[in-house]
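Please read the report below alongside the sequence and the 3D view. It goes through a few local features one after another.

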Amino acid sequence: MAWTKYQLFLAGLMLTTGSINTLSAKWADMFSAKGCHDEPEHGFSHPFVQAVGMFLGEFSCLAVFYILLCHDRRSPEPKMNPGQSFNPLLFFPPAMCDMTATSIMYIALNMTSASSFQMLRGAVIIFTGLLSVAFLGRRLAASQWLGILITILGLVIVGLADLLSGHKDDTHKLSDIITGDLLIIIAQIIVSVQMVLEEKFVYKHDVHPLRAVGTEGFFGFFVLSLLLIPMYFIHVGDFSGSPRQVLEDTLDAFCQIGHKPLILLALLGNTVSIAFFNFAGISVTKEISATTRMVLDSLRTLVIWAVSLALGWEQFQGLQVVGFLVLLLGTALYNGLHRPLLARIPCCAGMVNAEEESSTGETERLLSSGRVQAGDES
């Protein structure tokens with residue numbers, strides 16, 4: 001069945017805003033500007049300030065939810081299901097995981113390329129699969145285990161591509177690239193814990209996806225905003241990119257924005273895009289399918305890579321192409337995209353049906369529930 005204009009718009013919106021989210025964050029990292037007290041120009045290295053902006057975007061999903069709910073209730077036949085009442089504190093543990101993982105990923109993005117950043121986030125299916133087996137009693141199908149193994153191979157190839165590019169890259173030191181890649185992998189472990197917590201304690205309450213994202217954004221925004229105060233006094237030496245060498249110099253961030261307003265445009269791009277990305281992703285799941293949402297999420301990696309190359313942010317690496325294709329294959333197998341193809345082959349139809357019965361399909365269920373993978377948000 002052909003897509004309607006509205007479905008095409010939603011798919012385009014998700015692909016565009018998802019790509020802008022990573023690209024705008026990387027764009028902000030590439031600026032240099034003077035700081036406070038006439039300090040010399042230095043790079044804009046403020047991952048925690050960027051994370052606060054991202055959570056503000058997620059928090060705005062809560063406002064969108066109530067606007068849509070009010071609009072729906074005014075119609076003659078309300079169709080929107082607001083979900084059942086719940087204790088908002090249920091979202092606090094996963095929100096803290098989200099806050100930690102997002103902050104780590106923004107630190108990593110300052111150390112490595114945007115394309116590698118996006119590709120390495122595919123590691124989330126490895127840890128989500130393993131944790132769901134260990135703590136949720138899930139049973140993964142053979143194709144999902146194969147998908148995990150292929151994803152590991154893809155991550156190794158992308159890592160090797162980064163090592164090779166590190167010797168030619170003038171923007172990032174090789175040690176920074178390695179550290180950044182490792183931080184991204186560590187962040188995916190935390191994201192996987194977040195998904196398992198949501199699966200075990202949150203989604204059984206039938207919470208509307210926009211409300212779920214907005215509530216986590218609320219906790220992430222306010223807790224991290226408060227943590228910016230002690231971070232201003234915690235000295236971390238050369239690990240910090242700020243002149244004062246503290247964990248996060250928020251005043252320096254605002255001074256740099258004042259000297260170079262384009263930084264604010266990049267930060268706003270990150271904040272606004274994450275809100276629209278969540279809305280578009282949830283709408284794509286509802287109007288088309290969760291599988292389509294997963295495919296679009298993989299395609300944005302290609303868009304981010306192409307734009308980064310076109311802007312000269314990174315150099316072309318043939319090995320990275322191989323890594324991306326291997327990761328794509330692993331993700332497709334894990335999410336069952338091979339099943340419709342095998343189902344058309346008479347000798348394989350029975351095997352596909354048996355696999356679907358034994359498979360947990362937790363990734364598609366998470367996508368259907370509105371959880372942005374890797375994601376997504378963060």
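Arginine 300 and aspartate 297 form a salt bridge, with their closest N and O atoms 2.6 Å apart. A salt bridge here is a side-chain nitrogen of Lys or Arg within 4 Å of a carboxyl oxygen of Asp or Glu. Both residues belong to helix H11 (residues 290–310), where they are three residues apart, about one turn of the helix. Helices (H or I, at least four residues) and strands (E, at least two) are DSSP runs, numbered from the N terminus. Arginine 300 has a relative accessible area of 2% and is therefore buried; aspartate 297, with 16%, is buried as well. Buried means under 20% relative accessible area, exposed means over 50%, and partly exposed is in between, with a 1.4 Å probe and protein chains only.

The model is predicted: local features need pLDDT of at least 70 and side-chain atom pairs count only at pLDDT 80 or more, while totals for chains, interfaces and linings use all residues. Residues are numbered from 1 along each chain as its sequence is written, and side-chain values use heavy atoms, with hydrogens and water left out.

A search of the whole structure finds three salt bridges. The table lists them.

| Pair | Closest N to O distance |
|---|---|
| Arginine 300 and aspartate 297 | 2.6 Å |
| Arginine 244 and aspartate 249 | 3.6 Å |

Side chains of opposite charge can pair when their charged atoms come close. Glutamate 199 sits in helix H7 (residues 174–202) and arginine 138 in the loop between helix H5 (124–136) and helix H6 (142–166), so the pair ties together parts that are 61 residues apart in sequence. Glutamate 199 is buried at 17% relative accessibility, and arginine 138 is partly exposed at 24%.

In the remaining pair, arginine 244 is partly exposed at 29% relative accessibility, whereas aspartate 249 is buried at 4%.

Glutamine 245 lies in the loop between helix H8 (209–231) and helix H9 (250–259). With 33% relative accessibility, glutamine 245 is partly exposed.

Serine 115 is part of helix H4 (residues 114–120). Its relative accessibility is 0%, so serine 115 counts as buried. The C-alpha atoms of serine 115 and threonine 301 are 6.6 Å apart, although 186 residues separate the two along the chain. Apart from neighbours within four places in sequence, serine 115 is in contact with Ile304, Trp305, Glu314 and Gln320. Contact means heavy atoms within 4.5 Å.

The last topic is a pair of helices. Two packed helices are described by the angle between their axes and the distance between the axes. The axes of helix H2 (residues 47–74) and helix H10 (residues 262–287) come within 8 Å and cross at roughly 40°. Axes are lines fitted to C-alpha atoms, for helices over the stretch in contact, and angles run from 0 to 180 degrees between N-to-C directions. H2 and H10 are therefore oblique to each other. Angles under 35 degrees count as roughly parallel, over 145 as roughly antiparallel, 65 to 115 as roughly perpendicular and the rest as oblique. Among the residues that meet are Gly53, Gly57 and Val64 in H2, and Asn270, Ile274 and Phe279 in H10.
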